[in-house]
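Here is a short report for a first look at one structure. Please view the model alongside the text.

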Amino acid sequence: MTDDATLVVVDMQQVFGDPASPWFTPRFAEAEATIAGLVPAFGDRVVFTRFIAPERPEGAWVPYYEQWPFALVPADDPIYDLVLAFRDTGHAVVTEPTFGKWGPSLREALRGSTEVVLAGVSTDCCVLSTALGAADAGVHIRVAADACAGLSDDDHRRALDAMALYAPLIEITDSAAVLDGLR
């Protein structure tokens with residue numbers, strides 16, 4: 001792993017971590033604990049992302065939010081807050097109304113790094129979408145599988161398997177190997 005590798009923590013937000021939320025991600029707490037162990041090892045090379053609803057959904061997002069109207073709230077609604085463990089850390093936060101967070105804002109937040117360790121939720125949606133976009137842009141992605149959580153264990157595994165098809169652009173690993181690579 002390069003010295004400039006950046007940890008990108010995808011969507012560790014209340015809306016996915018609260019068991020009462022329609023978007024609750026099982027194993028969120030396990031991923032959160034693993035991520036909490038990774039963050040200090042990366043120092044200031046950590047970026048958090050947030051998913052938010054668009055002000056006015058367009059195209060395929062219109063029926064999506066018809067199915068999930070609870071989520072069509074302003075970006076500053078508490079459901080979109082990062083969970084307490086990752087709030088107000090001083091690290092960069094990239095906010096997008098899309099599943100995939102790859103784009104100009106995330107590229108800028110990486111400050112030139114071309115190697116990313118991905119962690120977060122959900123493996124089968126926002127992590128997958130972010131990994132594919134970044135890999136297409138030439139960023140080497142290492143997905144810390146135990147620092148991610150899917151909507152089910154099967155969905156998590158399927159998403160990891162799909163991302164593994166993109167080797168060597170995307171590598172599936174775990175938090176222990178990531179930490180070993182930083183030493």
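## About the model

This is a predicted model: local features need pLDDT of at least 70, side-chain atom pairs count only at pLDDT 80 or more, and totals for chains, interfaces and linings use all residues. Residues are numbered from 1 along each chain as its sequence is written, and side-chain values use heavy atoms, with hydrogens and water left out.

## Helix H5 and its cover

Helices (H or I, at least four residues) and strands (E, at least two) are DSSP runs, numbered from the N terminus. Helix H5 spans residues 123–136. Its buried residues include Cys126, Val127, Leu128 and Ala131. Buried means under 20% relative accessible area, exposed means over 50%, and partly exposed lies in between (1.4 Å probe, protein chains only).

Several elements cover the buried residues of H5, among them strand S1 (6–10), helix H4 (104–109), strand S4 (115–121) and strand S5 (140–149). H6 and S6 also take part. Contact here means heavy atoms within 4.5 Å.

## Salt bridges

Side chains of opposite charge can pair when their charged atoms come close. A salt bridge is a side-chain nitrogen of Lys or Arg within 4 Å of a carboxyl oxygen of Asp or Glu. By this rule the count is eight. One of them joins aspartate 11 and lysine 101 (2.8 Å, N to O). Aspartate 11 sits in the loop between S1 and helix H1 (14–17), and lysine 101 in the loop between strand S3 (92–96) and H4, so the pair ties together parts 90 residues apart in sequence. Both residues are buried.

Glutamate 171 bridges to arginine 142, with the closest N and O atoms 3.6 Å apart. This pair links strand S6 to strand S5, 29 residues apart. Glutamate 171 is partly exposed at 33% relative accessibility. Arginine 142 is buried, at 8%.

Arginine 157 is partly exposed at 43%, and so is aspartate 161 at 40%. Elsewhere, salt bridges with shared partners join Arg27, Glu30 and Asp153 into one network.

Tyrosine 166 lies in the loop between helix H6 (153–164) and strand S6 (170–173). Its relative accessible area is 36%, so tyrosine 166 counts as partly exposed.
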